[in-house]
Amino acid sequence: MSALNPHDPASPLLLEVENLTMRFGGLTALDNLSLQVPAGKVTSIIGPNGAGKTTFFNCLTGFYKPTEGSVRMHHPQRGPMLLNQMPSYHVARKAGVVRTFQNIRLFPNMTVLENLMVAQHNALQHASRFSLAGLLGLKDYRQAREAALEKARTWLTRLNLLDRADTVTGNLSYGTQRRIEIARALCVDPLLLCLDEPAAGLNPRESAELNELLLYLSREHGKGILLIEHDMSVVMRVSDHICVLNFGHKIAEGSPQHIQQDPHVIKAYLGEEDKDTEEAAA
Amino acid sequence: MGLLITQPKGAAQRLKDGVGAALIALVLGVPMLGLATADVGGALAVITRWPLLAGFVGVVFVGRLFFQWLIDIFSLRKKRREQARPAVAKSRPWLTWIGFAALGLAVMLPIAFSGNRYVIDTATTVLIYVMLGWGLNVVVGLAGLLDLGYVAFYAVGAYSYGLLSTHFGWGFWQTLPVAGLLAASFGLLLGWPTLRLRGDYLAIVTLGFGEIIRLILLNWTEFSGGPNGVNSIPRPTFFGLPFKPDSDDGATFASFFHLEYSPDHRVTFLYYLILALALLTNLFVSRLRKLPVGLAWEAVREDELACKAMGINVTNIKLSAFAIGAMLGGFAGVFFAARQGFISPESFVFSESATILAIVVLGGMGSQLGVVIAALLLVVLPELGRDFSEYRMFLFGAAMILIMVWRPGGIIAKREPTLRLGAAA
Ligand SMILES: Nc1ncnc2c1ncn2[C@@H]1O[C@H](COP(=O)(O)OP(=O)(O)O)[C@@H](O)[C@H]1O
Ligand SMILES: [Mg+2]
C-alpha cells in the first residue's frame with residue numbers, strides 16, 4: 001500500500017496513522033497500529049469483539065488522546081493536520097472526519113430533519129452571525145438556511161427517509177435510526193466518514209442497501225470511508241482494503257481476497273473453535 | 001418519592017401494597033401514637049391510645065389504596081393515549097390559539113379589574129415568575145443544565161438597579177441593558193468552571209453559587225447595605241413623568257394627562273411594563289429556539305457526545321445558554337427592584353430558585369406556554385389557599401404531586417419541533 005500518495009489524483013491519501021498505541025492502565029487496547037486510508041475507497045477494520053476497533057475510532061476523532069503515535073489528516077485544501085492533537089469537535093469541523101457510533105447516538109426527542117440541521121450547525125451559526133442576523137431574519141441567513149434544508153432533503157431522499165423527516169427519531173426502528181445517523185454524518189460534509197458497525201441490527205435488505213450506499217459515497221462522491229463491521233456480506237463486497245485487528249495488533253492487511261485466505265485471520269476468527277474441536281477430539 | 005410514586009398494580013397487588021403501608025404505619029404508630037405519657041397524680045405514667053392508633057392505621061390503609069387506584073387510572077389512560085398517538089409529530093395550532101387568548105386576557109386584565117389593586121399586584125407577581133421561568137427555561141429546559149442557583153442572576157439585576165440608581169442616579173431604562181450584561185457575565189462566571197459537570201454535580205455547584213452571591217450581599221455591608229438592603233430605589237417613570245401626587249417641581253403623570261392622581265396608575269403601569277418585558281422575553285427565546293444556537297442547546301441536552309462528533313463546540317453552546325438565561329434573570333431583577341423600591345438579600349433565598357425551577361419542571365421542560373400555566377398555579381394556588389390557613393401548604397403540595405402523577409413530563413410535555421420539511425418546502 002506504499003503506492004498511496006497524497007498527490008495521486010485517482011485516490012489521494014487522506015489519513016495516515018503511525019504507530020498508534022492506546023493503553024488503559026495495564027490494558028493495551030491498540031498496539032503500534034499503522035494504517036493509510038485513501039479518498040474514494042472503502043477501508044474496513046475487522047476483528048473480534050474487544051480487538052480495539054472502536055478505540056481506534058475514538059483515537060481518530062479526538063474522543064481519546066492516544067498514548068503514543070500520530071494520526072495525520074491530509075486535507076486537500078487545508079493541508080496536513082494532526083488529529084491526535086485536536087479537540088473532537090475540531091476533528092469534525094476543521095479536518096472533515098466524521099464518525100457514527102456503535103450504539104446509535106441520535107438526538108432522540110428531535111425530529112429527523114432537526115437532527116440533520118444540528119449537523120449543519122457551524123455553517124448556519126456562522127451565517128446567523130451568532131444569532132444576530134438570524135434574529136433579524138436577514139437575507140444571508142435565510143439563504144444559508146434554505147441551502148441547509150436543501151442538503152438535508154438531498155440526503156434524506158438518498159437514504160430513503162423523506163417520509164420520516166418530521167418524525168421524532170426516538171420512535172423509529174433500529175434500522176431507520178442507523179440510516180438517520182449516517183444521513184446526519186453526511187450533512188457535516190465529511191471527507192472521511194467513519195462508520196462503527198453500521199450494519200448491526202439491519203435486515204438483509206437493509207444491509208444490501210447499505211452496500212450500495214457505501215459504494216455510491218466512495219465512487220460517486222469520492223469520500224474516504226472507514227468501516228468497522230462484523231457482517232462479512234457487507235465487508236467482503238464493498239471493501240477495497242481490509243485491516244484485521246486482534247487484541248490491538250494489526251494481524252493482516254490487504255484486499256478482501258487476500259484476507260479471506262490469510263492463515264492468521266482464519267486462526268484469529270476460528271482459533272477458539274479449533275481449540276474446542278481439538279480438545280473434543282483428544 | 002420512591003414510596004409515593006409506583007408502578008400501576010392490579011387489584012390484588014394494590015391490596016397487598018395497602019396492607020404493607022398499614023403495617024409500616026402500625027410499627028411507626030405504636031410508639032408515636034399508641035403510647036403516650038401522662039401526669040397521673042404527680043407521677044409520670046404511660047397510657048395507651050389504641051383507638052387512635054387503629055384510626056390512623058385505617059386511614060393509611062384506605063389512603064394508600066386510593067392513591068394506588070389513582071395512579072392506576074392515570075397511567076392506564078396515559079398508556080392508551082400513547083398507543084393512540086401517531087409517530088409523526090403533528091402540528092398543534094390550538095396551542096398557539098391558547099397563547100393568543102392568554103395574551104388577550106393579560107392585556108385586558110387591568111381594565112377588567114381596574115381599581116382592584118390586589119388582583120393587579122398578584123398578576124404582576126405572576127408575570128415576574130413567568131419571565132424568570134422563561135429565562136431559566138433556556139438553561140434547564142432547552143440546554144438541559146440543571147441550575148439551582150438561578151436567583152443569583154435575579155439578585156445581580158436587582159442590585160444593579162438598586163445601587164446604580166441610588167448612588168449614581170441612573171434611570172430604569174438606562175440600567176436595564178447594563179444589568180442584563182452584568183448578569184450575563186455572572187452567567188459566564190458560573191458557566192465556565194462548571195462546564196465539565198453534569199446532572200447532580202452541576203446542581204450542587206449552582207446551588208452553592210446562588211448562596212455565595214446571597215452571602216456576599218448579606219455580609220459586604222459597605223457595598224450592598226448588608227441585611228438592611230437598599231432603600232428608596234426610584235420607581236420607573238412614564239417617559240420621564242413620575243407617578244406622584246401633584247407638586248410644584250415639574251409635571252407628573254397625573255398632571256400631564258389631566259387625571260386625578262391615583263396610586264393605581266403606577267400599579268397598572270408596572271403591570272404593563274412587566275407584561276411588555278415578558279412578551280419581549282418570549283419573542284426573543286422563541287426566535288432563538290428556531291435559530292442554530294437554540295437547536296444546538298437542545299442537541300446538547302439530548303447527547304453531548306454526538307454534538308462533538310458533529311463538530312459543535314459544546315463549551316460555547318453551554319456558555320451561551322448560561323449567559324442568555326442569566327441575562328433574562330437580570331432583566332427581571334431590575335424590574336423587581338423598581339417595583340419594590342426596596343431590596344434585601346432576603347428576597348433572593350434558595351426557595352426562590354426552587355420555585356422558579358418548579359415552574360419550569362411543572363410547565364414541561366422547554367415549553368413556553370407550560371411555564372405560564374405553572375407560574376399561574378404556583379402563585380395563585382397559595383393565594384387562593386389563604387382561607388385554609390394552616391392547610392394551605394399541604395393542599396399546595398398535594399396539588400403538585402397530583403399534577404406530577406397525572407403528567408410526569410410536565411403540563412405541556414410534548415415538544416414542538418422547530419421546523420418541518422412540509423412547511424419549509
Ligand atoms: N475507556 C476505556 N477504559 C478502559 N478500557 C477500555 C476503554 N475503552 C475501551 N477499553 C477496552 O479496550 C478494549 C477494546 O475495546 P473496543 O475498542 O471497544 O473493542 P471493539 O470495538 O473492537 O469491540 C476492550 O478490552 C475494552 O474493554
Ligand atoms: Mg466496538
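**Briefing: the predicted model of chains A and B**

A:D189 is partly exposed, with a relative accessible area of 42% (buried means under 20% relative accessible area, exposed over 50% and partly exposed in between, using a 1.4 Å probe and protein chains only). The structure is a predicted model, in which local features need pLDDT of at least 70 and side-chain atom pairs count only at pLDDT 80 or more, while totals for chains, interfaces and linings use all residues. Residues are numbered from 1 along each chain as its sequence is written, chains are lettered from A in the order in which they are written, and side-chain values use heavy atoms, with hydrogens and water left out.

**Positive phi values**

- Most residues other than glycine have a negative phi.
- A:D189 is not a glycine, yet its phi is positive, at about 60°. A:D189 belongs to the loop between α7 (174-186) and β7 (192-196) of chain A (helices, H or I with at least four residues, and strands, E with at least two, are DSSP runs numbered from the N terminus).
- B:S232, also a residue other than glycine, has a positive phi near 40°. B:S232 sits in the loop between α8 (221-224) and α9 (253-256) of chain B, and counts as exposed at 63% relative accessibility.

**The interface between the chains**

- On the side of chain B, 35 residues are in contact with 43 residues of chain A (contact means heavy atoms within 4.5 Å).
- The two chains bury about 3,400 Å² between them, with 65% of it on carbon and sulfur atoms; buried area is the accessible area, taken with a 1.4 Å probe, that two parts lose on being put together, summed over both.
- Within chain B, the residues that lose the most area to chain A are B:M310, B:L419 and B:L421, which together make up 22% of what that side buries.
- Two salt bridges are counted between chain B and chain A (a side-chain nitrogen of Lys or Arg within 4 Å of a carboxyl oxygen of Asp or Glu). A salt bridge joins A:E114 to B:R415, with the closest N and O atoms 2.9 Å apart.
- At least two residues each of the side of chain B that touches chain A come from α10 (263-290), α11 (292-302), α12 (304-309) and α17 (421-424) of chain B. The helix that gives the most is α11(B), with seven residues.

**Chain B as a whole**

- Chain B contains 17 helices and two strands.
- Of its 425 residues, 47% count as buried.
- Among the contacts in chain B with a separation of 6 or more, 74% are between residues 24 or more positions apart.
- The accessible surface of chain B is about 21,200 Å², and 69% of it belongs to carbon and sulfur atoms; such areas come from the Shrake-Rupley method with a 1.4 Å probe, and for residues only the protein chains shown count as cover.

- Helix α1 (residues 53-60) of chain A is largely enclosed by the rest of the structure, because seven of its eight residues are buried. The buried residues include A:F56, A:F57 and A:L60.
- Just after α1(A), A:G62 takes a positive phi of about 85°.
- B:V372, in helix α15 (residues 368-384) of chain B, is buried, with a relative accessible area of 19%.
- Apart from its neighbours within four places in sequence, B:V372 is in contact with B:V130 and B:W134.
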